[in-house]
Amino acid sequence: MDIDKSLINTSLLPGDIVGTVVQSTSTENEGKQQPVRIGPGLTLLDDTLVAVKAGKLRYDTLTKRYFLENNQKRYICAVGDMVVGTIKETVGESFRVDIGTAHSALLDVTGFDGASRRNRPDLFPGDLIYARVTVANKDLEPEITCLSSQGTARRDWITGQSVFGPLKHGFVINCSLGMSRRLLDPNCELFKQIGDKCSFEAAVGMNGRVWITSEDSRDIVLISNALEYSQHLDDQGIEKMLNTLFKSR
Amino acid sequence: MSKIEFISPEGLRVDGRRPQEVRKINYRLNLFSRADGSAYYEQGNTRVLAAVYGPRQVTRRGASKHDRAIINCEYSMATFSTGERRKSAKRDRRSTEISVVIRQTFESVILTHLYPRTQIDIFMQVLQADGGTRCACINAASLALIDAGIPMRDFVVSCAAGMIDGVALTDLNYIEDSAGGPDLPLAILPKQNKICLLQMDSKLTIEQYEEVMQMAVEGCKQIHAVLDAKLKDVTDQLVNKRKTLL
């Protein structure tokens with residue numbers, strides 16, 4: 001596979017050719033050919049690697065994958081993603097949760113740390129939860145769980161200190177997927193800047209939903225507005241906007 | 001017959017264009033906050049809006065396909081889009097035919113096998129009709145699909161061509177369209193050089209057909225060049241920020 005490296009970090013449109021499969025005739029090259037790993041946004045069509053979305057071609061050195069970084073509003077499920085979901089109904093021993101995908105996700109009623117048949121959260125339609133995706137297949141209904149993953153600390157759901165689980169009070173805003181990815185970046189300045197103005201708690205879902213809560217409901221409104229406006233502004237604009245918003249506080 | 005001089009002795013058309021010239025194009029993405037993707041597209045005086053939703057749950061039970069997404073296309077003309085106010089006939093013959101034709105075009109381009117049992121909706125509305133509305137709608141829908149991040153094999157571009165008084169013309173406007181000559185809307189995949197829509201009204205000889213077909217292909221390539229030039233910047237903006245009109 002011959003990838004055009006000059007295209008990395010440039011904008012591509014659907015149909016742009018990224019690389020072609022090279023049929024190597026000499027036997028000495030066969031050993032040296034490394035398989036090329038591709039991620040979202042790229043597809044192999046008839047021996048050519050083609051971009052199928054509009055986005056920037058990136059190469060991730062950690063996973064050694066080529067992929068297309070794009071921004072869209074519609075969330076497509078992927079295993080391992082953390083999502084903010086809304087309970088729709090209880091179906092047997094599971095909850096049906098709306099996470100923004102075409103089909104609702106299933107959450108087992110005992111899928112919470114320290115939960116058993118007798119001891120489980122009482123969730124009603126409209127309640128919010130923070131969960132992670134365990135099954136994401138295009139042919140199946142997505143499945144999520146609030147059990148802690150490898151990296152997160154395990155706390156029983158009753159304590160309210162667990163990372164995943166029910167989200168009480170607060171407000172959810174919708175944003176684009178690119179925005180939620182940026183918010184999850186450890187280098188994101190926005191949360192730090194807002195944190196300088198007031199204290200709050202937030203849960204960012206990779207499905208384009210951000211849950212915010214604070215002690216004062218006026219603060220919740222201000223922070224939600226700040227996040228909404230920051231989507232259209234650059235860094236200087238964000239600073240100005242935050243100063244104006246929190247001036248009256 | 002017609003007293004209108006479609007081609008002047010200097011070779012200019014009624015709006016001052018050359019026979020192979022396409023009208024001025026302008027477009028804007030991401031207009032609607034609710035739609036997953038949307039585009040506003042102008043080609044001369046023809047103005048259209050396209051909105052895309054999906055992949056989302058199938059609305060009509062029994063219509064869902066187990067191995068791919070179904071594409072639902074709706075083309076309609078606003079009552080104020082033509083010279084005389086039209087009675088709001090969303091389901092009239094012409095609109096239904098154009099909806100079907102555009103759906104078939106995009107079914108071959110969108111990678112529907114990635115989203116089984118879902119539905120992708122494409123709504124197109126003509127705000128101002130001055131000839132070439134179905135081609136403008138296809139271009140607008142292509143832009144809206146790109147805005148929505150729905151994977152496609154290639155970017156569909158569409159242009160119509162015709163022949164009046166023996167001269168092949170690209171991108172007919174309403175006056176030229178009404179002249180009664182042949183009209184050939186064409187949609188291609190510019191990078192793969194494949195045709196995904198070809199229609200024709202009226203009659204042409206084989207030689208004339210070759211000429212008009214070539215004009216339509218050249219027109220599509222011109223449109224593609226115009227759209228491509230600005231889209232890379234728009235993609236940059238999409239990735240960095242999402243600017244909305246509202």
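Helix 1 of chain B, residues 93-107, lies across strand 4 and strand 5 of chain B. Its direction makes about 145 degrees with strand 4 of chain B. Keep in mind that this is a predicted model. On the sheet there also packs helix 4 of chain B, residues 206-240. Helix 4 of chain B touches strand 1 and strand 2 (37-43) of chain B. Its direction makes about 35 degrees with that of strand 1 of chain B.

Now look at the sheet itself. Five strands of chain B form an open sheet, in the order 1-2-3-5-4. The pairing is mixed. Strand 1 (25-29) and strand 4 (70-77) of chain B are the edge strands, and each pairs on one side only. Neighbouring strands are turned by 15 degrees against each other on average, with direction ignored. What holds paired strands together? Strands of a sheet pair through backbone hydrogen bonds, either parallel or antiparallel. Strand 4 of chain B and strand 5 (118-128) of chain B pair in the parallel sense, over 8 bridges. Find Ile71(B): opposite it, in strand 5 of chain B, stands Ile120(B).

Turn to the nonpolar cores. The largest has 65 residues. Among the members that touch the most others are Tyr41(B), Phe106(B), Leu143(B) and Leu227(B). Leu143(B) touches residues including Tyr27(B), Ala39(B), Phe155(B) and Leu231(B), leaving aside residues up to four places away in sequence. Apart from this core lies another, of 27 residues, with Cys77(A), Phe95(A), Ala115(A) and Leu167(A) among them.

Finish in chain A. Helix 4 of chain A, residues 217-230, has 14 residues. From first C-alpha to last it reaches 20 Å, close to the 20 Å expected. Its buried residues include Ile220(A), Ile223(A) and Leu227(A). An α-helix has 3.6 residues a turn, so residues three or four places apart point the same way. What covers the buried residues of helix 4 of chain A? The cover includes strand 15 (171-174), helix 2 (177-184) and helix 5 (235-245) of chain A.

Key: Residues are numbered from 1 along each chain as its sequence is written. Chains are lettered from A and ligands numbered from 1 in the order in which they are written. This is a predicted model: local features need pLDDT of at least 70, side-chain atom pairs count only at pLDDT 80 or more; totals for chains, interfaces and linings use all residues. Side-chain values use heavy atoms; hydrogens and water are left out. Helices (H or I, at least four residues) and strands (E, at least two) are DSSP runs, numbered from the N terminus. The expected span of a helix is 1.5 Å times one less than its number of residues. Buried means under 20% relative accessible area, exposed over 50%, partly exposed in between (1.4 Å probe, protein chains only). Contact means heavy atoms within 4.5 Å. A nonpolar core is a set of buried Ala, Val, Leu, Ile, Met, Phe, Trp, Tyr and Cys residues joined through side-chain atoms within 4.5 Å. Two strands pair if DSSP finds at least two bridges between them. Axes are lines fitted to C-alpha atoms, for helices over the stretch in contact, and angles run from 0 to 180 degrees between N-to-C directions.
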